[in-house]
Amino acid sequence: MQLNVVWKCARAAVVEITENSIYHTEKPWNIYLNDEFYGTTDTVETYIDGLEPLTTYSIRYERHRNENNDNIVAKSGNKNSNECNSKTNATETVSGILVTDDETFTLNVRDFGAAGDGERDDTISIQAAIMSCPPQGRVLVPAGDYRITNLFLKSDIALELAEGATLRSRHDRENLAYLPSNIEGKAGAGYAGTNLLPMGRWEGESMPMFCGILSGMAVNGVTVYGRGAIDGGANADEDNWWHDPKRIRIAARPRMIYLSDCERMDFAGITVRNSPSWNIHPVLSRDLGFWCLSIEGPKVSPNTDGLDPESCTNVTIKGCHFSVGDDCIAVKSGKIDMPRELRPACRNLLIDQCYMHDGHGSVVLGSEAAGGIRGLIARNCLFERTDRGLRIKTRRGRGRDSVYEAITFDHIRMDGVLTPFVVNSFYFCDKDGKTDYVQNREALPADERTPKVASLIFNDIQATNCHAAATYITGLPESKVGRAEFHNVHVSYADDAKPTKPAMACGVEPMARQGIIAQNVERLVLDDVTIDGQDGDELQLTNVDRVER
């Protein structure tokens, strides 16, 4: 075992212990900074704060085991307790070094007039602090309840939401700013050499959208961190954002955090909850890190995805906890009608040591991914009670650039997931989603509108207490799933498994305790795959060219 500092800034860090655990450690650890007791942790990735800039810290994780192999964690920093020094105890110790970054100034939003009393609108005061902050400076939001409309980030600063601080948004549409659709300008002056300035985006299309509660537009080098929260303030009433959610009223519903054309952005430790729509939505951005976040929303809240990177490159999501009303993580890259330069592929994503529960899907690809998804690893994750575990969505009309390839899911545990593996090429989203063109199960001519699921690898995955089916894989008959490999995969069912639909497509009926269902696949690899307790045949294959067992 070893300790790794996987992220840091001037006053906080994320530390990873490399024991062979998923999200939670085998037993809790005591944490010592410079030999002073800091606290305890039971997670593989741990957010640590209260640090000083440009300071060296020795980090020590320590725990004690008695002869019965039961873990004993000190409730205080007293290393001389009899319990810890018992002759029958063995001490495990792992150490590391952390050097924090530099910082120029701290600007407290209270010094700019913010009240934090839950009554006054503090938007202008907090924005004034952000705009006044020099490079490598910190904007501090101390404990309090800050009512705001929209805030905009600027480059090369850090924003700290201290423990007990809440940015609580308003949702009166008539008083909120919104981003217009893409703006046309001088040739070559826009994104990727175009004449277009990307602005509002809604479900893969350019569209007016209310500004995010926290927005970054073409900024870089920003850190948002702390133990505070960003709260959408939404409740399931008829007058709020969740009523008639698909209807555009003035503009599309806002995100909690919206990033467009940003670079080197890190978010660590904070809680994001009660979003009007998708919680965190970065678009056309690069080198992003999301560390030890908690993203929360009621299960009944519509279209409140947790984190949706769209046409982004080099994204790391580590140690995050999701419980939302839709997909926990959904990777996207726009729709085919978007200019091609504004919908490049999502590339090089790592999802690691995350815990997802009670959403629609845990890790999801698509469906609006007209630019494709190339290079994604999801590993060491825990899924509980989501409708689907590893969920791939596409449909006719996404386009020939919409290729999913080099996708790997590794070392994942699921419990109570209705269907652990779903590949759905007939996803019935959008206004035309239930038309014959999208839903026809006969082979249609492959053309510029035809997507492709090229390569998927599922390795070392256990799914218990499932309900509908072990797998439900459907490629297009004219564009089959290229390769789906399952290695060391084991699925079992709940004793009270209830019939449910494994995929959102026309003609899919509720089912329970079904085995491996695969349709329209070129190559299906089943290596050390066991299905315990299914009803009927373990393999239900249609139009599968090659099966390797």
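Analyst: R264 lies in strand 26 (residues 263-268); strands are DSSP runs of E with at least two residues, helices are runs of H or I with at least four, and both are numbered from the N terminus. The model is predicted, so local features need pLDDT of at least 70 and side-chain atom pairs count only at pLDDT 80 or more, while totals for chains, interfaces and linings use all residues. Residues are numbered from 1 along each chain as its sequence is written, and side-chain values use heavy atoms, with hydrogens and water left out.

The phi of R264 is near 55°, a positive value in a residue other than glycine. R264 is partly exposed, with a relative accessible area of 43%; buried means under 20%, exposed over 50%, and partly exposed in between (1.4 Å probe, protein chains only). N380, in strand 37, is likewise not a glycine and has a positive phi of about 55°. At 15% relative accessibility, N380 counts as buried. The backbone also holds a cis peptide bond from G366 to S367, with omega near 5°. S367 is placed in the loop between strand 36 (361-365) and strand 37 (373-384).

S125 belongs to helix 1 (residues 123-132) and is buried, its relative accessible area being 5%. Its side chain reaches the backbone nitrogen of A114 at 3.4 Å. A polar contact of 3.4 Å also joins the side chains of S125 and R120; the term denotes N or O atoms within 3.5 Å, where within protein one must be able to donate a hydrogen and the other to accept it, and residues adjacent in sequence count only if both atoms are side-chain atoms.

Aromatic rings come next. Rings of Phe, Tyr and Trp (its six-membered ring) pair if their centres lie within 6.5 Å; planes under 30 degrees apart count as stacked, over 60 as edge-to-face and the rest as tilted. By this rule there are 10 aromatic pairs. W29 and Y61 form a tilted one, 6.0 Å centre to centre with 45° between the planes. This pair links distant parts of the chain, with W29 in strand 3 (residues 24-33) and Y61 in strand 6 (residues 56-65), 32 residues apart. Both W29 and Y61 are buried. The ring centres of F409 and F458 are 5.3 Å apart and their planes lie at 15°, so this pair is stacked. F409 in strand 39 (residues 403-415) and F458 in strand 42 (residues 455-466) are 49 residues apart. Both F409 and F458 are buried.
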